[in-house]
Amino acid sequence: MTLKVRHLNKRYKTTTAISDVSFELTEGIYGFLGPNGAGKSTLINLITDNIRRDSGEILWDGQEICRLDKKYRDVIGYMPQYQGYYKGFTARAFLLYMAQMKGMKKKEAFERTDELLKTLNLWKVREKKAGSLSGGMRQRLMLAQALLNDPKLLILDEPTAGVDPQERIRIRNYISTIAKDKIILIATHIVSDVEAIANQIFLMGGGKVVEHCSPEALIAKVSPYTYMTTVKSATEIHGLEQMFIVSNIHNSEDGIQVKLIRKRSTDKEMDEAICHPVMANLEDVYLFYFSDRSDEV
């Protein structure tokens, strides 16, 4: 089971949304991480065949998805960034309607709907209208519709947008439990959504894949640029912001602890008596690659 993307390109008038993107995915969880406007949603719309590409190939098990047509749609589950539920439908009625749209048989649709309502903790609200559900419940409802056909390729666009931390953890944990025999692609700008569960992370910026490897490897790449220092007043932080990316600020009894990320263009030797090296985390990786700075990444 493989999804191959080869030299994919997409432009909107004068804007390049996707530029020569290539990768290959097999079973596992893949995080596509980047700021808004990086090209993540365009990439998803190309992979789901919702928009036309300008050039390039998208292959499912070696076959072009355009030629597979319905056979390809049958293996996809898609949770869009913007919730496409019908406010007047109950949660259960919405899933049954979506099952019908996917061409599922009636008995299978009822069984699968009730199974997912229970699994995703929506059973108690199954007869409530979708428009009255909380943000977290609606996100779980949209995840349920993506899972109705037990897809081999599950594509999630900002799956935890607008939900509280408890719901985010619940959704993330569930995604992790179903990844054994699926390719799961998560596009997000929320680092915690992919930090703990992704096998590989693709960093996207300007329509390109800037870097891709495991979370551990990304952290190893950025850790040599990451330091901690202690200052006495907030005014000192302003000076640090001119030379470094400030990742974190924490007040302590000894002063204000500041986590710094050295820019690549900064070749100044670090005084390790003042700034000592520390391990990076994935948030530091994100800032290192995507903070607004003049040097190339």
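**Figure 1. Overview of the protein.** Of the 297 residues in the protein, 49% are buried, meaning under 20% relative accessible area, with exposed set at over 50% and partly exposed in between (1.4 Å probe, protein chains only). This is a predicted model, in which local features need pLDDT of at least 70 and side-chain atom pairs count only at pLDDT 80 or more, while totals for chains, interfaces and linings use all residues. Residues are numbered from 1 along each chain as its sequence is written, and side-chain values use heavy atoms, with hydrogens and water left out. The protein has eleven helices and 14 strands; helices (H or I, at least four residues) and strands (E, at least two) are DSSP runs, numbered from the N terminus. The C-alpha trace spans about 70 × 45 × 35 Å along its principal axes. Among contacts with a separation of 6 or more, 68% are between residues 24 or more positions apart, a contact being heavy atoms within 4.5 Å.

**Figure 2. Helix 5 and its surroundings.** Helix 5 covers residues 106–119, 14 residues in total. From its first C-alpha to its last it reaches 20 Å, close to the 20 Å expected at 1.5 Å a residue, where the expected span is 1.5 Å times one less than the number of residues. Its buried residues are Ala-109, Arg-112, Thr-113, Asp-114, Leu-116 and Leu-117. The cover over these residues includes helix 4 (91–101), helix 6 (135–147) and helix 7 (165–177). After helix 5 comes Asn-121, with a positive phi near 60°.

**Figure 3. Helix 4 packed on helix 5.** Two packed helices are described by the angle between their axes and the distance between the axes. Helix 4 and helix 5 pack at about 135°, with their axes 9 Å apart. Helix 4 is therefore oblique to helix 5. Axes here are lines fitted to C-alpha atoms, for helices over the stretch in contact, and angles run from 0 to 180 degrees between N-to-C directions. Angles under 35 degrees count as roughly parallel, over 145 as roughly antiparallel, 65 to 115 as roughly perpendicular and the rest as oblique. The crossing of helix 4 and helix 5 is right-handed; a crossing has this hand if the near helix is turned clockwise from the far one by less than a right angle, and is left-handed if anticlockwise. Ala-91, Arg-92, Leu-95, Leu-96 and Ala-99 of helix 4 meet Ala-109, Phe-110, Thr-113, Asp-114 and Leu-117 of helix 5. The buried residues of helix 4, among them Phe-94 and Met-98, pack against helix 5 and helix 6. Just after helix 4, Gly-103 has a positive phi of about 80°.

**Figure 4. Helix 9 and helix 11.** Helix 9 (residues 215–222) packs with helix 11 (residues 282–290) at an angle of about 60°, the axes lying 9 Å apart. That angle makes helix 9 oblique to helix 11. Their crossing is left-handed. On helix 9, Leu-218, Ile-219, Lys-221 and Val-222 meet Leu-282, Asp-284, Val-285, Phe-288 and Tyr-289 on helix 11.

**Figure 5. Lys-208 in strand 10.** Lys-208 is found in strand 10 (residues 208–213). Lys-208 counts as partly exposed because its relative accessibility is 46%. Leaving aside neighbours within four places in sequence, Lys-208 is in contact with Ser-19, Val-21, Ala-38 and Leu-203. Lys-40 is 168 residues from Lys-208 in sequence, and the two are 9.4 Å apart in space, C-alpha to C-alpha.
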